[in-house]
Amino acid sequence: MKKINTRKIKQIVSQLCIEANMNLRKDILNALKKALKVERNKRAKRILREIIDNARIAKTERLPICQDTGVAVVYCEIGQDVSIVGSEFEKAVNEGVREGYRKGNLRKSVVSSPIERENTRTNTPAVIHTRIVPGNKLRITVCPKGFGSENKSDIRMFEPTATTKDIKDFVLDVVRNCGAEACPPLVLGIGIGGTFEKAAGLAKLSLLRPIGKRNPKKHIGRLERELLGDINRLNIGPMGLGGKTTALAVNILEFPTHIAGLPVAVCVSCHATRSAKKVL
Amino acid sequence: MIKIELPLDRKKRVSLKTGQRLLLYGKLYTARDMAHKRLREMIRKRSPLPISLKGEILYYCGPTPPPPGRPIGSCGPTTSSRMDPFTIPLLKKGLGGMIGKGRRSPDIRRAIKSHRGVYLIATGGAGALLSGKVKRASIVAFRDLGPEAIYELEVEGFPVIVAIDSRGRDIYDEK
Ligand code: SF4
């Protein structure tokens with residue numbers, strides 16, 4: 001049994017919160033640069049340049065890429081041959097988030113009760129997803145999620161006889177409804193199948209897949225490609241001011257579902273789609 | 001790019017046209033959801049407001065805390081439409097303009113037109129870049145709201161685009 005102390009977990013989570021918020025993912029940065037090359041709309045090009053510039057400034061001046069440093073979504077894949085020692089696991093993750101958001105001067109955006117809305121002033125609790133996997137490693141991924149885009153996410157429970165066209169129309173509607181508020185160019189995570197919450201979970205999870213990598217399942221890879229093409233013909237563009245760069249990627253994950261249903265969840269993310277990971 | 005000194009009096013406002021790029025110099029106030037809610041309450045109760053809105057610009061922004069040696073952290077715009085339900089009473093109090101991101105409702109567009117206001121947009125998610133344009137920042141009201149407090153910002157060359165001008169022309173309808 002490999003032992004991992006919760007002190008270490010706290011420290012890693014703290015570092016990852018800062019890292020994710022200040023260093024734009026390489027794959028996103030590359031996708032933005034590629035978009036700048038193919039974009040023809042002058043205003044869109046100018047905004048893309050600003051966004052790329054912003055990432056450079058954030059990195060060199062150690063500032064958050066975006067002021068909405070999000071809710072910390074933390075994915076933990078725990079090898080079944082790992083033994084976690086020290087304090088409580090989730091407490092350690094939350095302490096890591098608290099420390100990272102304090103040390104990194106990140107914004108504390110979490111309110112304790114969605115109804116009463118008192119800021120917890122620590123950006124905790126984090127949203128923690130834990131999975132037990134084979135092996136003796138612990139993989140932690142921190143994904144700060146901003147709410148300008150999160151608020152535009154949507155889910156629909158389709159009939160099992162719905163067609164790919166129905167699914168596409170739904171996704172396009174979600175994107176149209178985003179306008180500029182979700183800070184396009186977007187990254188779209190889509191979960192198809194499973195149950196209500198499984199589809200939503202897959203949608204968010206798929207945001208972690210590097211931009212440009214297709215789902216290896218042929219029919220899903222094709223759907224991703226087609227949707228990306230359709231979305232980029234909507235002329236929403238960076239900041240909603242027109243252009244062909246409305247989305248950088250469409251990432252889809254599917255899961256078996258019930259004979260009576262076809263859940264589709266769309267998690268909307270922005271050009272500041274952030275994540276950082278570490279394997280212990 | 002047009003350089004504009006703040007505050008934005010009526011004459012300056014009516015000279016602006018949708019689609020123009022501006023660089024702002026001078027004073028802005030930040031305010032987002034909770035600050036708007038409180039301002040509206042105060043107006044309803046006829047209590048004095050913590051800031052005068054006459055000719056001023058409200059920037060829809062909740063910045064990150066300043067790292068040592070900087071006046072402010074990352075400070076990009078937040079979604080403007082969430083402020084729509086609170087905006088008309090503020091325009092009635094003389095508010096000159098607003099900075100945010102995204103569309104406004106038809107009601108707000110009409111109110112901007114009738115009050116000869118202006119709606120400006122900044123690049124969403126460019127908080128680090130915009131941070132460099134802020135030379136000074138201090139909390140002037142609602143400190144207890146944390147990132148949602150009202151900050152007074154002194155900006156130099158703060159880049160925005162005119163999204164709704166005083167004639168009610170909307171950039172999002174024209175692209
Ligand atoms: S949608 Fe994304 S880029 Fe835009 S303000 Fe929110 S977190 Fe920042």
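1. Domain bounds here come from an automatic or database domain assignment. For chain A of this predicted model, that assignment gives domain 1 (2-21 + 65-145) and domain 2 (148-273). Their C-alpha centres lie 26 Å apart. The contact between them takes seven residues from domain 1 of chain A and 11 residues from domain 2 of chain A.

2. Next, the ligand. The shell around the ligand draws on both domains of chain A, with at least three residues from each of domain 1 (2-21 + 65-145) and domain 2 (148-273). Chain B contributes too: residues from chains A and B surround the ligand, so the site is shared between chains.

3. Which residues come nearest to the ligand? Of the 13 around it, they are A:Cys66, A:Cys183, A:Cys270, A:Arg274 and B:Lys101. By class, the shell divides into five nonpolar, five polar and three charged residues.

4. Now a helix pair in chain A. Helix H6 (residues 164-178) and helix H8 (residues 218-231) have axes that come within 11 Å and cross at roughly 45°. H6(A) and H8(A) are therefore oblique to each other. Their crossing is right-handed.

5. The side of H6(A) in this contact consists of A:Thr164, A:Lys168, A:Val171, A:Leu172 and A:Val175. These meet A:Leu223, A:Glu226, A:Leu227, A:Asp230 and A:Ile231 in H8(A). The residues of the contact divide into six nonpolar, one polar and three charged.

Conventions: Residues numbered from 1 in each chain as written. Chains lettered and ligands numbered in written order. Predicted model: local features only at pLDDT ≥ 70, side-chain atom pairs only at ≥ 80, totals over all residues. Heavy atoms only, no water. Axes fitted to C-alpha atoms, helices over the stretch in contact; angles between N-to-C directions. Helix = DSSP H or I, 4+ residues; strand = E, 2+ residues; numbered from the N terminus. Parallel < 35°, antiparallel > 145°, perpendicular 65-115°, else oblique. Left-handed = near helix turned anticlockwise from the far one by under 90°. Contact = heavy atoms within 4.5 Å. Nonpolar A, V, L, I, M, F, W, Y, C, P; charged D, E, K, R; others polar. Near = heavy atom within 4 Å.
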